[in-house]
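Hi,

Here is the structure I promised to pass on.

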Amino acid sequence: MAEQVPRAGFAALLGRPNAGKSTLLNRLLGEKLAIVTARPQTTRSRLLGILQHGSAQILLLDTPGLHAGRRRLDAALNKLVAEAADGCDVACLLADPAGGWPPDLEELRGRLAALGKPTLLVATKLDLPASAAAPWPPRGTGPDGAALRVSARTGKGVPELLDAIAVRLPESPPLYPSDQLSDRPLRFLAAELVREAAFEALEQELPYALAVEVVEWDEAHPERVRIRANLIVERVSQRRIAIGAGGAMIKRIGTQARLELERLLGRRVHLELWAKVDPRWSRSPNRLKSLGYS
Ligand SMILES: Nc1nc2c(ncn2[C@@H]2O[C@H](COP(=O)(O)OP(=O)(O)OP(=O)(O)O)[C@@H](O)[C@H]2O)c(=O)[nH]1
Ligand SMILES: [Mg+2]
């Protein structure tokens, strides 16, 4: 029988880069909130998605992938992951089973167990034969985690995952207004969509060194929103790549980003993109903060 007690709380999606956390967040919400790319380390901040499931309000937290980098940005991201893990009511540890069970995830699982946190072990990418064929739950993870398999691509296993999260949340009235989708302002989501378009267009040419800031947002025109954004890179050579021959690259990024922004805002968008050099952006605590990464 369906449970009627109102519940509410935070469910963190945790895992290595590329495990499929952001894709799953979008699938669980039924909306594209988080950006997704084929390259690891796409997510750089904690992103809250708010969802009603039966009588439970699930506050889903997308997080950056756990990784061992030593740059200031890496440290800031891993701190966000640790905070999300410690602060959540239910932890979902995600891994593509085709890649095995990573030691840092096992370490995190141990820490969550010591804290007494309800933990779900979630195998992702069930639609891929290699992932579906790999054993789950991983050996040696002990009996304390409930194990599930999902595909964010097809939606298989998603209702079961939502049920499993909901029953583990504390009894509580809703914590956010029921019509709110996220805790992030549109301006931040817009900057993320531009970053996604840039990551896709630039492929491997600009590995990590790109950030986006929205510097102007003008709704004075009744029919369209005018947005000006900077692509921030660390070197002059990277700026040249981001602009491309005759401006072709930045134009391509702008066109793709504009389509996504129009979908997000439900309005026509005039997007102006500039490429800027800031050699210190990923090392400056203030900069990381103003970009929403810490
Ligand atoms: N086939 C398949 N691919 C998936 C699925 N979920 C995610 N992917 C792909 O896996 C890649 C990484 O997905 P993301 O959702 O960005 O992964 P993430 O865990 O958020 O990665 P970071 O933000 O880098 O930590 C993308 O190319 C996705 O399209 C799935 O259920 N099936
Ligand atoms: Mg992500």
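A quick word on terms: contact, or touching, means heavy atoms within 4.5 Å. This is a predicted model, where local features need pLDDT of at least 70 and side-chain atom pairs count only at pLDDT 80 or more, while totals for chains, interfaces and linings use all residues. Residues are numbered from 1 along each chain as its sequence is written, chains are lettered from A and ligands numbered from 1 in the order in which they are written, and side-chain values use heavy atoms, with hydrogens and water left out.

I started with V225, which sits in strand β8 (strands are DSSP runs of E, at least two residues, and helices are runs of H or I, at least four, numbered from the N terminus). V225 counts as buried because its relative accessibility is 1% (buried is under 20% relative accessible area, with a 1.4 Å probe and protein chains only). Leaving aside residues up to four places away in sequence, V225 touches W217, D218, E219, L265, R267, R268, V269 and H270. V269 is 44 residues from V225 in sequence, yet their C-alphas are 4.8 Å apart.

Now the sheet: it is open, with three strands in the order β7-β8-β9 and mixed pairing (two strands pair if DSSP finds at least two bridges between them). At the edges are β7 (211-218) and β9 (268-277), each pairing on one side only. Strands β8 (residues 224-233) and β9 run parallel, joined by 10 bridges; I227, for one, has L271 in β9 as its bridge partner.

Cheers

Notes. Buried means under 20% relative accessible area, exposed over 50%, partly exposed in between (1.4 Å probe, protein chains only).
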